[in-house]
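I'm keeping a notebook on this one, entry by entry. Here is what I looked up.

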Amino acid sequence: MRLVIAHLYPAEMNIYGDTGNVIALSRRLEWRGIDAVVERIAVGDPYDFTAADVVVAGGGEDRAQLAVAADLQRRAGDIREAVAAGTVFLTICGTYQLFGHRFVTHDGDEMPGIGVFDLETHGGDERMIGNIVLDTEWGPLVGFENHSGRTFLGEGQQPLGMVRKGYGNNERDFDEGAVAANAFGSYLHGALLPKNPAFADELLRRALVQRHGDDAVLGPLDDGVERAAADAAATRP
Amino acid sequence: MLRLQIAIAAGRLAGRASQLLGRGGSAVPGLVAERIDPRLIDRLVASIPRVVVVTGTNGKTTTTKLLVGMLESAGRRVVTNPTGSNLARGVATRLIEVARRGRVDTDIAVFEVDEAAVRALGPRLRPAVTVVTNLARDQLDRYGELDTTAAHVRSALEHAAIAVLNADDPMVAGLAGTAGADRFFGGSDPVRAQMPDDRTLYGDAGGPRPGPEPSVLVRAAEPAGEGQRAALTVDGEDLEVRLLLPGVYNAYNAAAAVAAATALGVEAAVAAGAAAGVVPAWGRGQTVEYRGRRVRLLLVKNPAGFNQAIRLLAGEEPGAQVMISINDHTADGRDVSWLWDARVEDLAGTGHRFVTSGTRALDMAVRLKYAGAAAEWAEPDPRTALDRFVDGVAAGGTATLVPTYTAMLDLLHLLQPDTHRREAWT
Ligand SMILES: [Zn+2]
């Protein structure tokens, strides 16, 4: 068995350790004897998203995000089709914002998103920085957030979780991230998946079922160190 | 002038008071004095014939130390700021300490300046030479984006007569033409390939040198004893440099210092010879004796610096014993995401043994596990961890500590309870 992990914009959107998400998915497949194929997709590279089982993208600097926004527009139809078909997506911070309808800067300029999630983001002055803990369907998620954009979910948009500690989408609503079909968005760096193994396995389980059917199972792993790290991180100020 | 002298006197008094209170803290005199005379630095610097500013993300402290050694070997009287005191208050404190009757009697001053502070402080120091070692992503929760840091450095360079720039670092090479004149240092292709920068973090290394052909070139560098032997070409002249400092990145620091020293009229051979006498700054490859073992400290602050330590360790004989100590206090950066940006995978298969400590001991243990170089144990408490680690090293053996900044202070306090505070504390 094999799964294809597509790493979107590894060079452009890479500054907060989000590569760790790709590492975590790959290792957790390999430890179970499943081949992990990682494909790197840069701005401008042609890519057929039906080939991917999990698509992962991270956060970057403002200049990189502009280039990525334009590139995403060209792929918008393909990505929305892949989401509709059940492909697993994990988008963090800058790419999470661009998976919404739009990013509105402080001066009122608009950077269009691709509308996978029903949300929009507004630029702010103050950055929301710190350790963050969420409660989700898959248990608590622990990470670190660092963003100035404030994200507001549309009426029916399901969040990834509710904030127990930290800011999340914005400082008002106590929600964090977004989920649509098998597409997930979040502000959690950390990297997110290595310290949250149950959530990492949820993504892998969904991807396996999509590709190999309902009887594909993920065997258990010893996640003692990961869980201890998450518990310790949750206590940090 | 009167205000300046009152400020100096008040600063010194505050310094003595804070020492009596056991606070150490070399920032206090500068803070107090600058409040009384906000132009204190400008006034005192005006009496110094020439000033050098050393800035950049990694290697500032070592480059400063090397340059000071080279200038002193050439018979110059040099004033410099102590390790890590690289903000305005640290510079002010040092100027107050050496001022006599409102003047600083020296030939030259060499100041290490924080890359985020250099925009405001650099122009006030009116540098003849500004050295930029490299620019890499560093503690994004504190420093913000790298583009912003580069803009700070650029604005400081507009006030420098000569810029000494790293030709191999794309962000630094991009600063060419900003100062009155540029002088470049760099490495030959094989040396350059061993020098991690932000591009190598993500596998985009290689390709042509981003800057022009350097005037000071590291042709080769190979380990020798606890340090290394580097072959340099300085304006066409071939020289050998012996360093007590390990790692190719320190050969770059030596090249930067030689480029600055020769720009200031020191003979290349004198500069190269002086490098051999420069001992590592605190935590930068320094080795101390502890309970019958040799303990080596390699400070890491960001992915590029971590990659330098990884590169060094990966090149060593199998079986090295390494404790990686990661803290997440403000001075370390509260965000430890950067551990995932470093090439920890390069430690897999080295045959080395790893343990972890610090407030984020477990994060580091997870990182090592996913890199295929699992830690034998993780212990957050520095004292417990250090004792357990050193007990596991054979008497007479070498132990390597790879700490972040405050983790290094914790460990130095345990390794050398009496001596470290004055020099290491900022
Ligand atoms: Zn972010």
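This is a predicted model: local features need pLDDT of at least 70, side-chain atom pairs count only at pLDDT 80 or more; totals for chains, interfaces and linings use all residues.

**Entry 1: sorting residues.** With that, I sorted the lining of the second largest pocket into 9 nonpolar, 12 polar and 6 charged residues.

Entry 2: I looked up its volume and got about 600 Å³. It has 27 lining residues, and the closest to its centre are B:Pro223, B:Arg296, B:Leu312, B:Gly315 and B:Glu316. In chain B, strand S9 (216-224), strand S10 (227-234), H12, H14 and strand S17 (398-403) each give two or more residues to that lining. Why does the second largest pocket lie between two domains? Domain 1 (46-275) and domain 2 (284-425) of chain B both give residues to its lining, so that is where it lies.

**Entry 3: the largest pocket.** This one holds about 810 Å³ of space. I found 42 lining residues, with B:Gly84, B:Asn86, B:Arg284, B:Lys301 and B:Tyr405 closest to the centre. Among the chain B elements that give two or more residues to the lining are helix H4 (60-73), helix H5 (88-98), strand S12 (284-290) and helix H17 (405-415). Sorted by class, the lining of the largest pocket has 12 nonpolar, 21 polar and 9 charged residues. Domain 1 and domain 2 of chain B both contribute to the lining here, so the largest pocket lies between them.

**Entry 4: the two domains.** Next I checked the domains themselves. The assignment for chain B gives domain 1 (46-275) and domain 2 (284-425). Their C-alpha centres lie 26 Å apart.

**Entry 5: a glycine in a loop.** I looked for B:Gly265 and found it in the loop between H12 and helix H13 (268-275) of chain B. Is B:Gly265 buried or exposed? Its relative accessible area is 56%, and the cut-off for exposed is over 50%, so B:Gly265 is exposed. From there to B:Ala276 I count 11 residues in sequence and 19 Å in space, C-alpha to C-alpha.

**Entry 6: a covered helix.** Helix H15 (residues 361-371) of chain B is mostly covered, with 9 of its 11 residues buried. Among the buried ones are B:Asp363, B:Arg367 and B:Tyr370. What covers the buried residues of H15(B)? The cover includes helix H1 (19-30) and helix H5 (224-234) of chain A, together with H14, strand S14 (321-325), strand S15 (353-357) and strand S16 (378-379) of chain B. Just after H15(B), I noted that B:Gly372 has a positive phi of about 80 degrees.

**Entry 7: the zinc ion.** Last stop, chain A. The protein donors of the zinc ion are A:Cys93 (SG), A:Asn146 (O) and A:His189 (NE2), at 2.1 to 2.6 Å from it. Their spacing in sequence reads C-x52-N-x42-H. A:Cys93 sits in the loop between strand S4 (88-92) and helix H3 (94-98), and A:His189 in the loop between strand S14 (183-186) and helix H4 (197-212) of chain A, so I wrote down that the pair links parts of the chain 96 residues apart. Both A:Cys93 and A:His189 are buried.

Technical notes:
Residues are numbered from 1 along each chain as its sequence is written. Chains are lettered from A and ligands numbered from 1 in the order in which they are written. Side-chain values use heavy atoms; hydrogens and water are left out. Donors are N, O and S atoms within 2.8 Å of the metal (3.2 Å for Na, K and Ca); water is not among the atoms, so sites may look incomplete. Helices (H or I, at least four residues) and strands (E, at least two) are DSSP runs, numbered from the N terminus. Buried means under 20% relative accessible area, exposed over 50%, partly exposed in between (1.4 Å probe, protein chains only). On a 1 Å grid over the protein atoms alone, a cavity is a set of points where a 1.4 Å probe fits but cannot get out, and a pocket is an open set with protein on both sides within 12 Å along at least five of seven lines; lining residues have an atom within 4 Å of a point. Grid points are joined across faces, edges and corners, and a volume is the space filled by probe spheres set on the points. Ala, Val, Leu, Ile, Met, Phe, Trp, Tyr, Cys and Pro count as nonpolar, Asp, Glu, Lys and Arg as charged, and the others, Gly among them, as polar. Domain bounds come from an automatic or database domain assignment. Contact means heavy atoms within 4.5 Å.
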